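Dear colleague,

Please find below the structure I am handing over to you, with my notes following it.

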Amino acid sequence: MKTSAFNYVGKSLPRIDGVAKLTGDAQYTDDIHLPGTLVGKLLRSPHAHALIRNIDVSKAEALPGVRGIVLGKEAPICFGILPRAEDENALAIDKVRYVGEPVVGVAAVDERTALEALKLVEVDYELLPALFDPHEAMTREDVKIHKECEVANIERRATLEFGSVEEGFAAADHIREDTFFKAAITHAPIETHVALANYRDGKMTLWSTTQVPHYVHKAISRVLELPMDRVRVIKPTLGGGFGGKGEPFSYEFVACMLSRKCGRPVKIVHTREEVFMSHRGRHPMHMKLRTGVKKDGTITAVEFQNLLDGGSYGSYGLVTLYYSGQLLTLPYILPAYRFDGVRVFTNKPACGALRGHGGVGPRFAFEVHLDRIATDLGIDPVEIRQKNALKPNTMTLNELRITSCGFEECLEKAGKAIGWNERRGKLPRGRGVGIAGGGYVSGANNAIYFNPMPHSSVNISVDRGGGVTVFCGASDIGQGSDTMLALVAGETLGIRPDTIKVISADTDTTPVDLGSYSSRVTFMAGNACRSAALEVRRKIVPIIAEKLGVPEETVQIRDGIASAQGYSDKTLTFAQAVVLAESRGTSIYGSGGYTPPKLGGSYRGAGVGPSPAYSFGAHAAEVEVDEETGVVRVLKLVAAHDLGLALNPLAAEGQVEGAAVNALGEVLLENHDILAGGQHACPSLLEYKIPTMLDVPDVEAILVESVDPEGPFGAKECGEGSLHPSIPAVVNAIYDAVGIWLHDAPITPEAVLAALKKGEQP
């Protein structure tokens, strides 16, 4: 499928919300002001692990200006994004499990009064031993963070095995074993978490900075025991999510509880420190890899062990655990594979989903591990990847169905762009290049909870003036999904995308979409939108054909003008056709939905990993290492990404570049560290370092189009999979530059100097 065959698809188009954001007209949650709105604040635990013996709010209630206080016992029903991990309360009831856990909610006439009220609340805590090391937490039977854990503080153990691992290792000419550590990172969105709740006439309306309005809607109904039709969740413009707003949060429930108690709107705005306390970021992972290969680099067997520090609650942890094992089989052919993973609770903020969750740590480990194997064998790192690369239209050994796959083309183009053949191993000492590969899902094949509904639904209405409005529950979190919907609808209908209105993420007015996570929106909402637009087209084309007196199959619409092939003198505007339909009593609308095909194996854990399509990529990095200071500078990053077909190349390149820069922060700067006692080491953007404009090198995004047969116009994901390979590409480039291997990320100057001084490999 060639982009030249389309009117708008494949063209670089501006975002439909670009002007509003540029001029400041875009309305974020904190921009919404309702008459009589109260300020909500949360009292948070200063302790990492403690029983709550008593809470006295009498002094706070007596403070002038305080309008309401809520406690955990007023909302005893637990919530969680996964049905098998509903282990949190809106406010802690009997126990706190991390520093910063919300305990009391207060609503007052202004912020100063609310903060003063928090100081007057008296909480009697009984301190308990706290666990911060996942290895210790895995064995301590005497300290139970959750009493439901059968063994110590292990939330879940996952084991997978495919093929004969023992035979695979027996057939290997070379076996290598390495250990790795990937530290936690957090999302650092520019917009903090905000919720505005208004309980009026028996109905709760919540405006929230959420990526998943549907799941928040469902959770509010359940926890507050309100019928679903008495709850409305709206996501206004959102200033960044990256997974950090991808599940229900305490502050959303508390805002609703306070509004219901006070009879007035209540707004809760997190400080930056509270965002760090809420976390839900990348799991710290302690990883061990063992791989067998033939002399020519052909992989015979892989064994992977992974210990995940999950923090205090379940969150997305079960999915992250299984993703870490299941997705390691991308993008290579593994004839035998064994995975043993454990997620444990510790007394830290819960870890959850962060861009590319589950796959980032293991991909870092395996791609560095693979480079080390290539070095052992004297094989070029590109060659060993090509030799083991997955092919299109195949099945992995853990039954992941591969449709389109442009991985080998990504390797070729990334290598060429970085000058691999001419420069690898040939640059002056201190300069080097590295390469790595990766793959990711285009949406999870299974919904978070079982239901028979489509994963995404879209309605399209056409008004009497020919105006087209797309209604979809998908959340635009900055990635441009509203623009994608307008583009898909415009291409299908033959009208300019910038004339289409998109209404999204409002549970009262839009059909269900499961939200923005696991790179699902373009593939799933895009397919749903195309189906809805095709229904509109089926209704309007016969009317156009009849009016023009031409066969239906000759009708074509472009830029809102209908004409017929072979009848150049006959035209009709789209708007005129709509009026004609309305005059005949025919309303023009369309509905479409998308449900993935049934995929995956029958083994335990097979529900996590299957996707209707997988993206693939290869990144190459050039670095400079200062051997006196240990500072690593990335000079250039090439990100070649197989995204099926680029619906909007400008937007796709932005996603690929953004993901690559995200990864640079992870590999060189970011560490969401928790100190002894549970305090946050870097609770602000002054201490927690993320890349700035001065840190970002030349980033070259290369879009590889494999054209997926099941994606909308052939498209698949590009926003998360384009992060994974950057981290190991940088690490591998450091080896090329100064001959040291680094197995722990982030890579600090101190670690570089220590490795240089040691002068031997781990």
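How much area do domain 1 and domain 3 bury between them? In this predicted model, the two domains bury about 1,500 Å², with 66% of it on carbon and sulfur atoms. Their C-alpha centres lie 37 Å apart, and the contact draws 20 residues from domain 1 and 24 residues from domain 3.

On the side of domain 1, the most area is lost by Ser-518, Ser-519 and Phe-523, which together account for 40% of what that side buries. Across this interface there are 0 salt bridges, but 7 residue pairs are in polar contact. Helix 14 (481–493) and helix 15 (521–548) each supply at least two residues to the domain 1 side. By class, that side has 7 nonpolar, 10 polar and 3 charged residues.

The salt bridges of the model may also interest you; the count comes to 51. In one of them, Asp-124 meets Arg-53 at 3.3 Å, N to O. Asp-124 belongs to strand 6 and Arg-53 to strand 2, 71 residues apart. Asp-124 is partly exposed, at 32% relative accessible area, whereas Arg-53 is exposed, at 53%.

The salt bridge between Asp-178 and Arg-176 (2.8 Å, N to O) has another setting: Asp-178 is buried at 3% relative accessibility, and Arg-176 is buried at 13%.

Arg-290 and Glu-303 also form a salt bridge, at 3.5 Å, N to O. Arg-290 lies in strand 13 and Glu-303 in strand 14, so the pair ties together parts 13 residues apart in sequence. Both residues belong to one network of salt bridges with shared partners, together with Glu-161, Glu-166 and Arg-338.

With kind regards

Notes. Residues numbered from 1 in each chain as written. Predicted model: local features only at pLDDT ≥ 70, side-chain atom pairs only at ≥ 80, totals over all residues. Heavy atoms only, no water. Domains from an automatic or database assignment. Contact = heavy atoms within 4.5 Å. Buried area = accessible area lost by both parts, 1.4 Å probe. Salt bridge = Lys/Arg side-chain N within 4 Å of Asp/Glu carboxyl O. Polar contact = N/O pair within 3.5 Å; in protein donor to acceptor, adjacent residues only side chain to side chain. Helix = DSSP H or I, 4+ residues; strand = E, 2+ residues; numbered from the N terminus. Nonpolar A, V, L, I, M, F, W, Y, C, P; charged D, E, K, R; others polar. Buried < 20%, exposed > 50% of the residue type's maximum accessible area, 1.4 Å probe, protein only.
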